[in-house]
Amino acid sequence: MTVSAGSHSAAIANYSASVLAARTRIVTRLFDQVHQMADIGVTAIMGQIPAYAARDETFYADVHDQLAQLCRIGLGALLEDRRVTAGDIAYTRRAAARRAREGLALVDYINAFRLGQQALWKSLMDFAGDSKDDREAALSMVVPLNRFCDLAATQAANAYLEFQQYQSENGQESRELLDSLLAGALPERGPQLSSAHGFGIGVDPGAPLVVVTAAVLDLHGSDTDAKHLTSAALARIGVNGLRTLAGAHRGEVVAIPALGRNGSTEVLCERLEAMRDKLLAAGIRLAIGISPVVTGIADLPRAHQESRSALELLPEEGGVLALPHLRPFRYLMLRADATTRHLVDPRIRALLSEDTTRGGVLADTIRAFAAADMNLREAADALCVHHNTAKYRLGRIQELTGRNLRSVSDLIDLLVAIELQETQRDRS
């Protein structure tokens, strides 16, 4: 979907300097008239699409803002001699969700895009003069603007259809099912039990499940679009060919993926990372926590709380944290408070601080020694250093900290200090 700026620049290299100057002049004037172009587009849309005309002033302002943003992106790319990418217009996903949620038909939504594009073309023709250079400059913009308009319409239509599908598959019944499962109860009969089976839940009593909790960061008030888009995205992250039950739950977005016999949390995490990146491009920043694997419906309330606990361990910019991939030691270090850090021996803190500036070789040696069950030769081999080098490093550590690395308690103190330092650095 993307082409480098260099290849796009090559496409206009055949035009003369006077044509390129005319093109820059026309696009610059258009860029200064973005609001007027949006006015033309909104007038056309309200005049030709009854479903749009029946809305209120807030809706009109939203449409105007969307048209203005699209014009800025398309014209800005022309000024920078580059192609527009899907990432540039990812924000249109929010508008698509709003239009689907507001009940507008897809045909009306796409028709509105067409009228907005016509407004852009009309303005372009109005600003291009009759000189040969101006005519050639206008022609040079036909292909990139058409490509941009096609990309924008395709992205918007796809986002609209994805959200519409989520709405149709996750109605009131699914929301009630989600609430029931998070309370630890599987419906015994009826449509909700059939719905649960459709999500792969309750079919096999021993099938693994996890709970995923997503928090939308930087919300300004109640951003329902962001939560709805997050729910729709989570509904498509199934790792076993099944749909995933997902929806809003008490201010958060929660999903219960059924991993199936062949699914794995590693694949689930990869898909969640990709989903988070996609929504981040649309201006939606997420923190996502994944619970340990459970096999019983009665365990889902605990799994939900554990997935929420994982959110607390993520940095301010969010991310994805899967508790199944954490060892208990690492989990404890992530949950450590300021008091825990103050209990670290100052000599150990000083050693690690100095070691960090030198590349962390002593910390690596401590870890390798522990991983080798205190076997010095195995640790040296793992570090790809001579046995005497590893021995010297251990002696240096003991000299500076007063800790004997062959003492289990002393070794644990050093490992704890290393983990605390890394988690603090990661969060910073």
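**Figure 1. Lining of the second largest cavity.** Helix 7 has the largest share, with 4 residues. The model shown is predicted. The second largest cavity holds about 100 Å³ of space. By class, its lining has 8 nonpolar residues, 2 polar and no charged.

**Figure 2. Lining of the largest cavity.** The count of cavities of 30 Å³ or more is 3. The largest has a volume of about 130 Å³. Its lining consists of Ile45, Tyr52, Val63, Gln66, Leu67, Leu70, Thr92, Ala95, Arg99, Tyr109, Ala112 and Phe113. Two or more of these residues come from each of helix 5 (57-79), helix 6 (92-101) and helix 7 (106-127). Helix 5 gives the largest share, 4 residues. The lining divides into 9 nonpolar, 2 polar and 1 charged.

**Figure 3. The largest pocket.** About 250 Å³ of space lies in this pocket. Arg327, Phe329, Arg330, Arg367, Ala370, Ile412, Leu415 and Glu419 line the opening. Helix 15 (328-334), helix 18 (361-371) and helix 21 (408-427) each supply at least two lining residues. Helix 21 provides 3 residues, the largest share. The lining of the largest pocket splits into 4 nonpolar and 4 charged residues, with no polar ones. Among the charged residues in view are Arg327, Arg330, Arg367 and Glu419.

**Figure 4. The second largest pocket.** This pocket contains about 210 Å³ of space. Ala350, Leu351, Glu354, Asp355, Arg358, Val361, Leu362, Tyr392, Arg393, Arg396 and Leu400 make up the lining. At least two residues come from each of helix 17 (346-357), helix 18 and helix 20 (387-401). The residues divide into 6 nonpolar and 5 charged, with no polar ones. Glu354, Asp355, Arg358, Arg393 and Arg396 are among the charged residues in view.

Figure 5. Helix 18 supplies at least two residues to the lining of the largest pocket. Helix 18 also supplies at least two to the second largest pocket. Arg367 and Ala370 are among the residues that line the largest pocket, while Val361 and Leu362 are among those that line the second largest pocket. Helix 5 and helix 7 each give two or more residues to the largest cavity.

How values were computed:
Residues are numbered from 1 along each chain as its sequence is written. This is a predicted model: local features need pLDDT of at least 70, side-chain atom pairs count only at pLDDT 80 or more; totals for chains, interfaces and linings use all residues. Side-chain values use heavy atoms; hydrogens and water are left out. On a 1 Å grid over the protein atoms alone, a cavity is a set of points where a 1.4 Å probe fits but cannot get out, and a pocket is an open set with protein on both sides within 12 Å along at least five of seven lines; lining residues have an atom within 4 Å of a point. Grid points are joined across faces, edges and corners, and a volume is the space filled by probe spheres set on the points.
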